[in-house]
Every structure is written in structure tokens, then in C-alpha cells.
Amino acid sequence: MKIKVENIPEEGLQLQFFEDGDWFRTLLPEKEKVNYLLHKVDVFLSVNKIGETVSLAVKIETAVDLECCRCLEVFTLPIKTEFKYTLVPIGKRIEEELELTSEDLSFGYYKNDLLELDPIIFEQILLPIPIKPLCNDLCKGLCPYCGVNLNEASCKCQTKVIDPRFAALKNVTVLKHK
Ligand SMILES: [Zn+2]
Ligand SMILES: [Zn+2]
């Protein structure tokens, strides 16, 4: 999605569009491991221009399929995010008077009178995706011995592993009695 700055009217622009999930892959760096699948991305955009400074208010709604790093099951993480973005022509210094206090306010540049929205949207989609995704904070993961998904079933491996410790405790008790 690209917008020509000169085409932004005085009263601003309200746009709504969507991107196919495959669009996400084209933006990922070559070496980046693509182990997630992006659903359709809905974008709600409000664009305003004061002089050459363009401000964006963006709302993104999508979901991504991720593999849980503990149990390896695929789960869907919904992503809903809203942010504001200010763009100035490249080469022009961001004026001091622009408020830098708000945390959700980001700055960027545009060149050749053209706003490139895809990288901005893409960045905001990536932000909430955890490096180590978990289907659930309490995910029990896989049994390291038999590989069973411990969220769905139980196995007897754990008790077998604990056995030697019980044996050790027994010895301690015996020593005390002596
Ligand atoms: Zn899991
Ligand atoms: Zn097991």
C-alpha cells in the first residue's frame, strides 16, 4: 500500500483495506525462518497532513498461526493493535516541538512524496509475536522421555525418574535412625 502525499486532501483520508497473509512472507528477510502463517490482515487507516508532516492512525486486526515452543502444537494468536505514526520527508529534521513523550508515537521518513505503508504495518504485526510462542502460559509441553503431549495425556515416565530420589531419601532416614 502506497499513498502519494500530494493526494492527501486537507480534511485527511480514511481508508480501510486488507492484505493477504502471503504478503507477509514477501516482507520477511531471506534468512528469517518463516514458521508462522499469517491470516488476512485488516487495516483501518486515518491519514492527516499538516504541511509536509503526515500523521497516521492505524488499527490492525489479524491472527497468526504459531507453533508452541513447548508442545509443538499449532495455535492461533489473535493480533489487534493500534498505533500512531508520524512521517516527515527524508532529509528534514524532526522538529523539537513535536511531542516525543507518548510511547505509542513513532517517527519515520518518506521520500519522493510517497508513503510506503507496508513496512510500517509489517513492523507492528511482528511486535506482538513472541520469540518463544506458548499455546498457553501453563503449557506442560512434551514428556522428554516418551514424547507424549502432557496437556492431553499423562505418562508414567515422571514417576520412574523420581524413583532414585526416593531411594536416596530412604538412605537418609536410615542414617538418622542409627
Ligand atoms: Zn503448548
Ligand atoms: Zn513420558
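Residues are numbered from 1 along each chain as the sequence is written, with chains lettered from A and ligands numbered from 1 in the order in which they are written. Because the model is predicted, local features need pLDDT of at least 70 and side-chain atom pairs count only at pLDDT 80 or more, whereas totals for chains, interfaces and linings use all residues.

The chain contains three helices and eight strands (DSSP runs numbered from the N terminus, with H or I over at least four residues for helices and E over at least two for strands). Their order from the N terminus is β-β-α-β-β-β-β-β-β-α-α. Among contacts (C-beta atoms, placed from the backbone, within 7 Å) with a separation of 6 or more, 54% link residues 24 or more positions apart.

Strands β5 (residues 53–67) and β6 (residues 74–89) pair in the antiparallel sense through 14 bridges, pairing being assigned if DSSP finds at least two bridges between two strands. One of the bridges joins D65 to T76 in β6. Six residues lie between the strands of this hairpin, in which L72 adopts a positive phi near 65 degrees.

K132 is located in the loop between α2 (118–126) and α3 (157–177). K132 counts as exposed because it has 8 C-beta neighbours inside 10 Å. The C-alpha atoms of K132 and C69 are 5.8 Å apart, although the two residues are 63 residues apart in sequence.

How values were computed. Contact = placed C-beta atoms within 7 Å. Buried ≥ 20, exposed ≤ 12 C-beta atoms within 10 Å, placed from the backbone.
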